[in-house]
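Subject: Handing over a structure, with notes

Dear colleague,

I am passing on the structure below, together with some notes on what was found in it.

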Amino acid sequence: MDYVRLGRSGLEVSRLCLGCMTYGVPDRGNHPWTLDEDQSRPFIKRALELGITFFDTANVYSDGTSEEIVGRALKDFARRDEVVIATKVHGRMRPGPNGAGLSRLAIMTEIDNSLRRLGTDYIDLYQIHRWDYATPIEETLEALHDVVKAGKARYIGASSMYAWQFAKALYTADLNGWTRFVSMQNYYNLLYREEEREMLRLCQAEGIGVIPWSPLARGRLTRDWDETSARSETDEFGKSLYARTAEADRRVVERVAEIAARRGVPRAQVALAWLLHKPVVTAPIVGASKPQHLEDAVAAMSLTLSPEEIAALEEPYVPHALAGFV
């Protein structure tokens, strides 16, 4: 496993991050396809054995039970100072006023709730899950700065939004001497490359670490175009991300299959290797619900694609409507 700095920060993370949305009580929240605690723990343990030390979850995943499962597993399988725990805030955690968003009240409430569920005194990377249009960014940034100064979080990060919003947040933090975002968790893969237009360029210019979510396009890059899975049939948010009848997307999936067949490797390795070839990408966030998922992810780090193969993978792409946060 390789370890790299998260953007310009001093924080070192593994080149792969284990996404923990897969782990949570299935009947809690809107993720019926999640694995319960007994099913989840072997994946977290195996990730550690493979050298993965970076784990990403969110308060909203499975109504907080993802944080609980991840926190207990990491406490049992690793030393706290050997892992990097990332979680997120924004989504609705309870009905009524102040139960969601990025107000000072919401952030101060949810940081303590996440710490309790994770069973830790601090979170390494505390991220805003989405942009809050109802709260001034100044209020959000100052609250996050206070969270860091209180020792409850070491670094702060952001997730999917417009590039102008992220630029405004970085400028506002600098202007006021507040803690700056060190990372951007955005939606980026071979089937969705709109982030290349502005967000990735901004991150590169500002020294922001990039940790893409859904690097395998919810599994679509790993199977035939018309093939489905139990998750794809029940993942309502995932259905909003892809136009399954788009001919260009089909061609991308077929190119992945062709190159994987020539190389004699699983398709997941090719799709991940393409992402890992991008200099701006720090650590893709990979999910794992089957044993081979982790093995393929680690193997992708050693797969070197030729310039011709990269060009072949990218050639069919056509512009897409913005997705993931709009």
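A nonpolar core, as the term is used here, is a set of buried Ala, Val, Leu, Ile, Met, Phe, Trp, Tyr and Cys residues joined through side-chain atoms within 4.5 Å, and buried means under 20% relative accessible area. Please bear in mind throughout that this is a predicted model.

With that definition in hand, the largest nonpolar core has 84 residues, of which Leu18, Tyr23, Phe55, Tyr126, Phe166, Phe181 and Leu221 touch the most other members. The largest share of this core, eight residues, is supplied by helix 10. Apart from it there is another core, made up of twelve residues, including Leu11, Cys17, Ile211 and Ile285.

Turning to the strands, eight of them form an open sheet with parallel pairing, and their order is 9-8-7-6-5-4-3-10. Strand 9 (209-210) and strand 10 are the edge strands, each of which pairs on one side only. Within the sheet, strand 5 (residues 84-89) and strand 6 (residues 123-128) pair in the parallel sense over four bridges, and valine 89 stands opposite isoleucine 128 of strand 6. Across strand 5 and strand 6 lies helix 3 (residues 104-118), which runs at about 135° to strand 6.

Helix 11 (residues 291-300) has Leu294, Asp296, Ala297 and Ala300 as its buried residues. Seen down the axis of helix 11, these buried residues fall within an arc of 165°, and they therefore line one face of the helix. What they pack against is strand 3 (17-19), helix 1 (37-49), helix 10 (267-276) and strand 10 (285-286).

As for charged pairs, a search of the whole structure finds 25 salt bridges. In one of them, arginine 46 and glutamate 295 meet through their side chains at 2.9 Å, N to O; this pair links distant parts of the chain, with arginine 46 in helix 1 and glutamate 295 in helix 11, 249 residues apart. Arginine 46 counts as partly exposed because its relative accessibility is 31%, and glutamate 295, at 34%, also counts as partly exposed.

Aspartate 76 forms a salt bridge with arginine 41, their closest N and O atoms being 2.9 Å apart, and here helix 2 (residues 65-77), which holds aspartate 76, is linked to helix 1, which holds arginine 41, over 35 residues. Aspartate 112 likewise forms a salt bridge with lysine 152, with the closest N and O atoms 2.8 Å apart. Aspartate 112 belongs to helix 3, whereas lysine 152 is in the loop between helix 4 (137-149) and strand 7 (153-159), 40 residues apart. Aspartate 112 is partly exposed, with a relative accessible area of 35%, and lysine 152 counts as partly exposed at 25% relative accessibility.

Finally, is arginine 193 buried or exposed? Arginine 193 is buried, because its relative accessible area is 12%, and the cut-off is under 20%. Arginine 193 is found in the loop between strand 8 (181-185) and helix 6 (199-206), and, leaving aside its neighbours within four places in sequence, it is in contact with Tyr188, Trp274, Glu314 and Tyr317.

With kind regards

Notes: Residues numbered from 1 in each chain as written. Predicted model: local features only at pLDDT ≥ 70, side-chain atom pairs only at ≥ 80, totals over all residues. Heavy atoms only, no water. Helix = DSSP H or I, 4+ residues; strand = E, 2+ residues; numbered from the N terminus. Buried < 20%, exposed > 50% of the residue type's maximum accessible area, 1.4 Å probe, protein only. Contact = heavy atoms within 4.5 Å. Arc of directions from axis to C-beta. Pairing = 2+ DSSP bridges. Axes fitted to C-alpha atoms, helices over the stretch in contact; angles between N-to-C directions. Salt bridge = Lys/Arg side-chain N within 4 Å of Asp/Glu carboxyl O.
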